[in-house]
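Subject: A structure for you to look at

Hi,

Here's the structure I promised to pass on. Have a look at it first, then read my notes below.

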Amino acid sequence: QSPPSLTGRRVVVTAGGTREPLDPVRYLGNRSSGKQGFALAERAVHWGAQVHLIAGITDAEPPSGISNLTLERIETAAQLHEAVLRESVHADVLVMAAAVADFRPADYAQAKIKKTDDDANPVIPLQRNPDILADTVRRRAGTGTGPKVIVGFAAETGDDAHAPVALAEQKLQRKGCDLLVLNQVGENLVFGQDSTEVHILASEAAQRTLGSAEPVHLRGSKVEAAEAVVSQAAR
Ligand code: C5P
């Protein structure tokens, strides 16, 4: 089978975690390494796409010195939201691999928050961040413009009543994206590692337009997972 071609296509990839500041020295963050997003960006460039990579906080070094790849760094979910909306207008494919903080501290303290003399435990009020993926899907539906293929990610462990794939199917419906990449997480979290286990699920609409039937299931490196995701999105 010949490799897919993304020549002439514009792909936006988000990678890494967001950092939500509490005061000038503290933040809420997460353990996303950025590896999966970087592998996706590199694979899309390799197959001919013009890629804009929006990277948050990462352990891994983002790809550099690659023609047809532009890099933008962001820190907060709000900055990521702005960047994704701006770049999605011209994109053919959006891949939301970033681990976006669901909540941010409701108030940013301009000065470092001090310990008080009493023993009281402080409480940090949180505020929900916008769901960037769902918002991009909504805007596409509202305006008829935006990426033809929108790819979301989900990390699921499953629960007593539901297998991870069943939860991912629900998330695919809820978010309204075209493809959903399920990272099955267990005792060995996928964060920071080079290997991963993914299922790639397609919405009913995407199954019709992309012509994919069975969900793809793959256990391997994040580079192999990236190949599978990008080749599905490129169909
Ligand atoms: O709901 P959940 O966080 O599991 O969804 C994960 C997917 O949604 C990922 O693709 C992530 O990039 C995206 N997301 C988002 N905005 C948020 C939270 C998650 O775009 N506030």
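This is a predicted model: local features need pLDDT of at least 70, side-chain atom pairs count only at pLDDT 80 or more; totals for chains, interfaces and linings use all residues.

Let's start with the largest pocket, which has a volume of about 1000 Å³. Its lining is made up of 39 residues, and those nearest the centre are Ala 98, Ala 99, Val 100, Phe 153 and Ala 155. Several elements each give at least two residues to that lining: helix 1 (35-46), helix 3 (132-143), strand 9 (149-156) and helix 4 (164-175). Strand 9 has the largest share, with 4 residues. Sorted by class, the lining has 17 nonpolar, 13 polar and 9 charged residues.

Next comes the second largest pocket, with about 400 Å³ of space. It has 17 lining residues, and Arg 26, Ile 113, Lys 114, Pro 122 and Ile 124 sit closest to its centre.

Finally, find Ile 66, in the loop between strand 4 (50-55) and strand 5 (69-73). Is Ile 66 buried, partly exposed or exposed? Its relative accessibility is 29%, so Ile 66 counts as partly exposed. Leaving out residues up to four places away in sequence, Ile 66 touches Glu 42 and Val 45. Glu 42 is 24 residues from Ile 66 in sequence, and their C-alpha atoms are 8.7 Å apart in space.

Cheers

How values were computed: Residues are numbered from 1 along each chain as its sequence is written. Side-chain values use heavy atoms; hydrogens and water are left out. On a 1 Å grid over the protein atoms alone, a cavity is a set of points where a 1.4 Å probe fits but cannot get out, and a pocket is an open set with protein on both sides within 12 Å along at least five of seven lines; lining residues have an atom within 4 Å of a point. Grid points are joined across faces, edges and corners, and a volume is the space filled by probe spheres set on the points. Ala, Val, Leu, Ile, Met, Phe, Trp, Tyr, Cys and Pro count as nonpolar, Asp, Glu, Lys and Arg as charged, and the others, Gly among them, as polar. Buried means under 20% relative accessible area, exposed over 50%, partly exposed in between (1.4 Å probe, protein chains only). Contact means heavy atoms within 4.5 Å.
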